[in-house]
Amino acid sequence: MSKGYRILASTGIHKGDRDYQQDQVELMQHVRIPNCLLAVLADGMGGRSGGRKASDQVMLTARQLFNRFDPETDDPRALLKQIVNESHMVIKLTAVSAEQEPHSTVAAFLLLPNGESHWVHAGDSRVYHFRQGKLLHRTTDHSYVQTLVNQGELTEQEALDHPHANILMGCLGTENDPPIDLHVVPKLNAGDALMACSDGIWHYFSPEELASTIAMLSPREACEFLIQKARTRARGTGDNLSLVVVKLDPLI
């Protein structure tokens, strides 16, 4: 018999060493359904106006669609696909008035009352699943260097320092349809943790460091620690930073 759990969660965001903030992150509680949560993170690109408009549109679209979602009758995969596709179309429309071409990544995970978790991502923002202090799974970036890693031409560590590490193979707001990668966790357990974060966070940590930090600290403490440590390691050259951490704290 599995243990019960309570959900503990926090978000964190910082502009890092940039002049302005283009990341957005939100943890949404369903307006009607208890224990139904949607975590959404977007890393906007395209100048002061374009990037922020793009990430704002992801948040607005996700909130509107999530509030109409019924976990008892609706398909969670369809919801996540719709969030990506509709955000993509709206971002393309905002390009007319933006200073530059607005683009955005997205990384989102949905927690259902029955313990399922569904994920979606496009770009190089990530979702991680930890269990008892170990990494179980993470999303795979839609980036040039990830393609080289997949082909065996680079290691994960070499990819971090590659001169083209910031080149994306797909995201929201481009001429092409965005990549939509879905993942499902059939049953979350007490002691599990989920994290979504932008590359301003994950770039500076090994999977083992992330796993131990999430295991040892509360969500709020983990967000504060990871932001502070990433800023220190960036040495004045850091990107915007954003993350959301959800832990399933076992009931005693």
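Which residue forms a salt bridge with D239? In this predicted model, the partner of D239 is R18. The legends below begin with this pair.

**Figure 1. The salt bridge between D239 and R18.** The closest N and O atoms of the two residues are 3.2 Å apart. D239 is found in the loop between α7 (219-234) and β11 (241-250), whereas R18 belongs to the loop between β1 (5-14) and β2 (23-29), so the pair ties together parts that are 221 residues apart in sequence. R18 counts as partly exposed because its relative accessibility is 41%, a value between the limits of 20% and 50%. Side chains of opposite charge can pair when their charged atoms come close.

**Figure 2. The salt bridge between R126 and D141.** Here the closest N and O atoms are 2.8 Å apart. R126 is part of strand β7 (residues 126-131) and D141 sits in the loop between β8 (134-138) and α3 (144-150), so this pair joins parts that are 15 residues apart in sequence. Both R126 and D141 are buried.

**Figure 3. The salt bridge between R138 and E156.** A separation of 3.2 Å is found between the closest N and O atoms of this pair. R138 lies in strand β8 and E156 in helix α4 (residues 156-160); the two residues are 18 residues apart, and the pair links distant parts of the chain. R138 counts as buried because its relative accessibility is 17%, which is under the limit of 20%. E156, with a relative accessible area of 39%, is partly exposed.

**Figure 4. The largest nonpolar core.** This core has 24 residues, of which L38, V40, V58, F66 and L110 touch the most other members. At least two residues of the core come from each of β3 (37-45), α1 (47-68), α2 (76-94), β5 (106-111) and β6 (117-122). Helix α1 gives the most, with 6 residues. In soluble globular proteins, nonpolar side chains tend to be buried together.

**Figure 5. The surroundings of F66.** Residues up to four places away in sequence are not counted in this view. With these left out, F66 touches M28, Q29, H30, C36, L37, L38, L79 and L110. Two of these contacts, L38 and L110, are also named with F66 among the core residues that touch the most other members.

**Figure 6. Another core, apart from the largest one.**

Notes
Residues are numbered from 1 along each chain as its sequence is written. This is a predicted model: local features need pLDDT of at least 70, side-chain atom pairs count only at pLDDT 80 or more; totals for chains, interfaces and linings use all residues. Side-chain values use heavy atoms; hydrogens and water are left out. A nonpolar core is a set of buried Ala, Val, Leu, Ile, Met, Phe, Trp, Tyr and Cys residues joined through side-chain atoms within 4.5 Å. Buried means under 20% relative accessible area, exposed over 50%, partly exposed in between (1.4 Å probe, protein chains only). Helices (H or I, at least four residues) and strands (E, at least two) are DSSP runs, numbered from the N terminus. Contact means heavy atoms within 4.5 Å. A salt bridge is a side-chain nitrogen of Lys or Arg within 4 Å of a carboxyl oxygen of Asp or Glu.
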